[in-house]
Amino acid sequence: MSYVDGFVLVVPKKKIAAYAKIARLAGKVWREHGALDYRECVGDDLKVKFGMPFTKLANTKPGETVVFSFIVYKSRAHRDKVNAKVMADPRMQKAPPNMPFDPRRMASGGFKTIVAA
C-alpha cells in the first residue's frame, strides 16, 4: 500500500495566491523526483457540525484559513528516497524571504495507508 505525507497549515487568506505559487513549484519538483501525487487544498467548507473543525484544531484567527496538503508515495522507503532528492534540488534551496505562512503553525507527519478504495 502507498505511503502519504500529510500537512495542515494556517495561511492568511490574502496570501493564498503567494502560497499557491510556491506550492505549484513544490508540486512540480516532488513529481519530477517520483512522488505519485501532490495536492494542496485550501479550506472551503470548514463550518462542520460533526467532529472538530480544522479551523478550531489549527486555531485560526480572522482572515486566516486552513490548507490541507498531501504527497503520495509507493512506500515509506520510496518517500525517503524522493524527499532526499527534493531536498537536494536547487529549486528548493531558494525559499522566499517572506513565507506566506508561519511554519511554526504547520503540522505534518507520515502515514501508512490502511484502506484504499
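Modeller: Happy to! A quick word on names before we start: helices and strands here are DSSP runs, numbered from the N terminus, with at least four residues (H or I) for a helix and at least two (E) for a strand. Also keep in mind that this is a predicted model.

Let's get our bearings. The chain has 3 helices and 4 strands, and if you read along the sequence they come in the order β-α-β-α-β-α-β. Its C-alpha atoms fill a box of roughly 40 × 40 × 20 Å along the principal axes. A compact globule of 117 residues would have a radius of gyration near 13 Å, and the chain's 15 Å agrees with that. Of those 117 residues, 31% count as buried. Now look at contacts between residues at least 6 apart in sequence: 84% of them join residues at least 24 apart.

The part I'd zoom in on is helix α1, residues 16-32. You can check its length yourself: at 1.5 Å a residue, its 17 residues should span 24 Å, and the end C-alpha atoms are 24 Å apart, so the two agree.

Next, which side of α1 is tucked away? Its buried residues are Y19, A23, A26, G27, V29 and W30. Look down the helix axis and these buried residues fall within an arc of 165°, so they line one face of α1. There's a handy rule behind patterns like this: an α-helix has 3.6 residues a turn, so residues three or four places apart point the same way. On the other side of α1 you'll find A17, K21 and R24, which are exposed.

So what covers the buried residues? The cover includes strands β1 (3-12), β2 (37-42) and β3 (64-73), along with helix α3 (76-88).

Let's visit one of those covering strands. D5 is found in β1, and its relative accessibility is 6%, so D5 counts as buried, the cut-off being under 20%. The D5 side chain makes polar contacts with two others: the side chain of R79 at 2.7 Å and the side chain of N83 at 3.3 Å.

Now back to α1 from another direction. D89 sits in the loop between α3 and β4 (107-112). D89 has a relative accessible area of 7%, so this residue is buried too. Setting aside neighbours within four places in sequence, D89 is in contact with V29 and H33, and V29 is one of the buried residues of α1. The side chains of D89 and R91 are joined by a polar contact of 2.8 Å.

Finally, follow the chain out of the helix. After α1 comes G34, with a positive phi near 115°. N59 lies in the loop between α2 (54-57) and β3, and N59 is exposed, with a relative accessible area of 54%.

How values were computed. Residues are numbered from 1 along each chain as its sequence is written. This is a predicted model: local features need pLDDT of at least 70, side-chain atom pairs count only at pLDDT 80 or more; totals for chains, interfaces and linings use all residues. Side-chain values use heavy atoms; hydrogens and water are left out. The expected span of a helix is 1.5 Å times one less than its number of residues. Buried means under 20% relative accessible area, exposed over 50%, partly exposed in between (1.4 Å probe, protein chains only). The arc is that of the directions from the helix axis to the C-beta atoms. Contact means heavy atoms within 4.5 Å. A polar contact is a pair of N or O atoms within 3.5 Å; within protein, one must be able to donate a hydrogen and the other to accept it, and residues adjacent in sequence count only if both atoms are side-chain atoms. The radius of gyration is taken over C-alpha atoms; the globule rule is 2.2 Å times the number of residues to the power 0.38.
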